[in-house]
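Dear colleague,

I am handing over the structure we spoke of, and below it you will find an account of what turned up in it. Please read the account with the coordinates open beside you.

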Amino acid sequence: MTNSHRISLADLAKNSEKILLKGSSRELDSQHTPTVEELTECLFFSPGDGRIWLDDQRMLLIHSSSFGLLRREMIDSLGLDKSRDILTRTGYLSGLRDAELIQKRWPDSDPASIFEAGTHLHGLEGVVKVETIFFEFDTEKGLYDGEFFWHHSSEDEEHIAAYGIGSSPACWMELGYAIGYVSGLVGSLVIFREVECQSMGHSICRVVGKSAELWDDIEDDIRFLNVTTNEADMRIKPDTQFDKMELDTPDDQPKMIGVSAAFTAANHSLQKVAPTNATVLFTGESGVGKELFASMLHKFSRQTGPFVAFNCAAIPENLMESELFGVEKGAYTGATSSRPGRFERANGGTLFLDEIGTLSLAGQSKLLRVLQEKEVERVGGVSAIKVNVRVVAATNVDLRKAVDKGEFREDLFFRLNVFPIHLPPLRDRKADIPLLVNHFYHQFCQQHQKAPSGMTQSARQALLNYGFPGNIRELQNLMERGVIASEEGEPIDLPHLFRNEFIPEDIIYSVNHQGTLSHVDDKKASTNSLLEYITQFVGGEDHLDIEKLEQSLLQEAVDNAQGNLSEAARRVGLSRPQLAYRLKKNK
Ligand SMILES: [Zn+2]
């Protein structure tokens with residue numbers, strides 16, 4: 001399990017969603033999609049939230065000089081080779097991620113444009129300006145051949161500033177990016193070499209890329225990548241990119257998905273306590289996935305018996321005892337046969353008690369006794385039955401407060417609270433939303449036999465901004481609704497996802513292709529001019545009628561105040577007579 005969080009480069013190269021067949025840079029025309037403009041529009045800023053996104057990937061804007069310092073300190077402390085290793089792999093991951101992004105967003109683009117998009121993205125990310133000399137590929141034969149000029153390499157700038165001109169190339173991370181991007185698309189390893197580099201005194205860098213088998217000796221190149229050259233290992237497999245973040249469970253079982261710090265912390269605690277016999281108490285809001293965590297705890301435990309879940313809130317109080325502890329025939333009217341309770345059924349395994357805070361005081365006493373004595377007595381029974389059960393409980397109420405109010409036994413609370421694990425609400429796990437969205441998207445498309453063409457950018461942004469009071473369960477419901485409501489071959493859009501939910505208007509900025517920021521608003525053309533904005537708002541005219549604007553504002557105030565003129569006047573900062581006058585004047 002711990003391995004599933006380690007990113008294997010060879011595995012990641014299996015990521016490509018589809019195999020691109022044949023093509024070359026000669027087929028590119030000026031209108032190829034995605035254009036630089038379209039790529040630029042994938043970049044958006046969410047300053048209120050402290051995040052920058054490139055489509056659904058969180059990005060960082062760091063100072064090139066800080067990167068230079070990091071790089072220098074790495075070289076000084078780890079040596080040249082080790083640093084080159086790390087930077088090449090870092091670049092490789094970025095390249096692979098960008099290849100995924102392009103294939104996901106523009107599934108129908110022609111293959112040559114998809115290859116070319118990597119050069120634009122590398123520039124958009126501020127790393128290097130790429131000039132294509134030529135490239136051609138035939139993925140059926142697994143062949144790629146290409147050559148590029150690199151201008152203004154950020155890595156060279158920092159390298160030269162620190163070390164001056166030397167005898168070997170220095171664009172390590174950039175080279176890793178090219179290898180990752182192109183290998184991700186071709187589905188087999190493509191090695192890039194920098195044959196000329198500014199760090200060696202050349203005026204620009206020149207890189208050559210070829211399929212691994214077209215190079216004579218690639219030992220030196222792959223040494224930095226740690227990737228396998230085994231062709232079978234490099235074949236493209238769809239939809240594996242998120243498996244790295246998921247615990248290894250068969251496809252038909254629910255999965256724990258996440259990379260956020262909050263999720264990772266909870267997951268780490270789970271891994272620690274799973275192989276012990278400790279009682280675990282999960283806390284967190286409704287819908288955060290407590291039962292899933294509990295079943296994973298069981299999966300990673302040493303328990304050989306079954307996992308039995310029991311929701312204390314779902315069973316009427318008078319049936320609670322017989323459900324939990326079992327019943328003997330004739331114990332009460334209707335007890336026509338003897339049957340074991342959940343404790344007996346979970347023998348040798350895990351009993352998950354959800355919403356433990358709703359258990360009656362009588363039920364709590366009985367439960368405490370079972371935990372202490374490790375034996376149960378069926379309702380109406382005369383002898384105790386030995387049980388070996390690990391109890392895992394969950395609550396969405398604060399049990400300490402319940403103890404203070406006398407609603408929960410303190411001794412039972414201490415028994416259960418041996419190892420508490422807090423499961424974070426989804427709003428604290430924003431980084432996981434794209435992963436979860438992707439997971440549910442594929443799950444529900446398959447389940448409902450639907451084939452929409454992905455999701456619109458506004459739908460994705462709304463999901464990132466939404467507060468999810470119902471947590472993961474709510475996201476799951478929204479996605480299922482979205483998939484069902486979608487049209488074949490059309491992307492899932494906002495109205496498919498949201499019905500009555502309140503979507504907060506978080507401030508999101510996107511960069512337009514002139515490089516200026518604008519507020520993202522799909523309903524109206526993006527603009528940062530108040531005048532333009534208002535003109536669009538009041539009507540389709542290209543000029544603003546100030547009186548019409550005033551009338552619209554006043555009318556809206558009156559409507560919002562349900563015709564109460566005093567209230568409407570207060571809202572627009574006028575006295576009641578002033579408002580009445582203006583309303584009449586403009587009629
Ligand atoms: Zn260079």
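**Strands around S9**

Strand S9 and strand S15 (residues 419-422) run parallel and are joined by 4 bridges, and within this pairing Phe282 stands opposite Ile421 in S15. Please keep in mind that the model is a predicted one. Strand S9, which covers residues 280-283, also pairs with S14 in the parallel sense, again over 4 bridges, and here Val280 is the residue that stands opposite Val392 in S14.

Strand S14 spans residues 390-395 and includes Thr395. Because its relative accessible area is 2%, which is under the 20% limit, Thr395 counts as buried. If neighbours within four places in sequence are left aside, the residues in contact with Thr395 are Leu281, Phe282, Thr283, Gly284, Lys290, Ile356 and Gly357; of these, Phe282 is the residue already mentioned as standing opposite Ile421 in S15.

Leaving aside sequence neighbours within four places, Gln364 is in contact with Leu359, Glu407, Phe408, Arg409 and Leu412, while Leu412, on the same terms, is in contact with Gln364, Leu367, Leu368 and Leu371.

**The zinc ion**

Which residues coordinate the zinc ion? The donors are Asp156 through OD, Cys171 through SG, Glu194 through OE, and Cys197 and Cys205 through SG, at 2.0 to 2.4 Å. Along the sequence these donor residues follow the spacing D-x14-C-x22-E-x2-C-x7-C. As for how they are covered, Glu194 is buried with a relative accessible area of 8%, and Cys197 counts as buried because its relative accessibility is 0%.

**Cavities**

A search of the whole structure finds 4 cavities of 30 Å³ or more, and the largest cavity has a volume of about 150 Å³. This largest cavity is lined by 13 residues, of which Gly118, Thr119, Phe148, Ala178 and Val182 are the closest to its centre. The elements that give two or more residues to its lining are helix H5 (111-124), strand S6 (143-151) and helix H7 (172-186).

**The chain as a whole**

The chain has 587 residues, of which 47% count as buried, and its secondary structure comes to 24 helices and 17 strands. Among the contacts in the chain with a separation of 6 or more, 68% are between residues 24 or more positions apart. The chain exposes about 28,600 Å², and carbon and sulfur atoms supply 51% of that area.

With kind regards

Notes:
Residues are numbered from 1 along each chain as its sequence is written. This is a predicted model: local features need pLDDT of at least 70, side-chain atom pairs count only at pLDDT 80 or more; totals for chains, interfaces and linings use all residues. Side-chain values use heavy atoms; hydrogens and water are left out. Donors are N, O and S atoms within 2.8 Å of the metal (3.2 Å for Na, K and Ca); water is not among the atoms, so sites may look incomplete. Buried means under 20% relative accessible area, exposed over 50%, partly exposed in between (1.4 Å probe, protein chains only). Contact means heavy atoms within 4.5 Å. Accessible areas come from the Shrake-Rupley method with a 1.4 Å probe; for residues, only the protein chains shown count as cover. Two strands pair if DSSP finds at least two bridges between them. On a 1 Å grid over the protein atoms alone, a cavity is a set of points where a 1.4 Å probe fits but cannot get out, and a pocket is an open set with protein on both sides within 12 Å along at least five of seven lines; lining residues have an atom within 4 Å of a point. Grid points are joined across faces, edges and corners, and a volume is the space filled by probe spheres set on the points.
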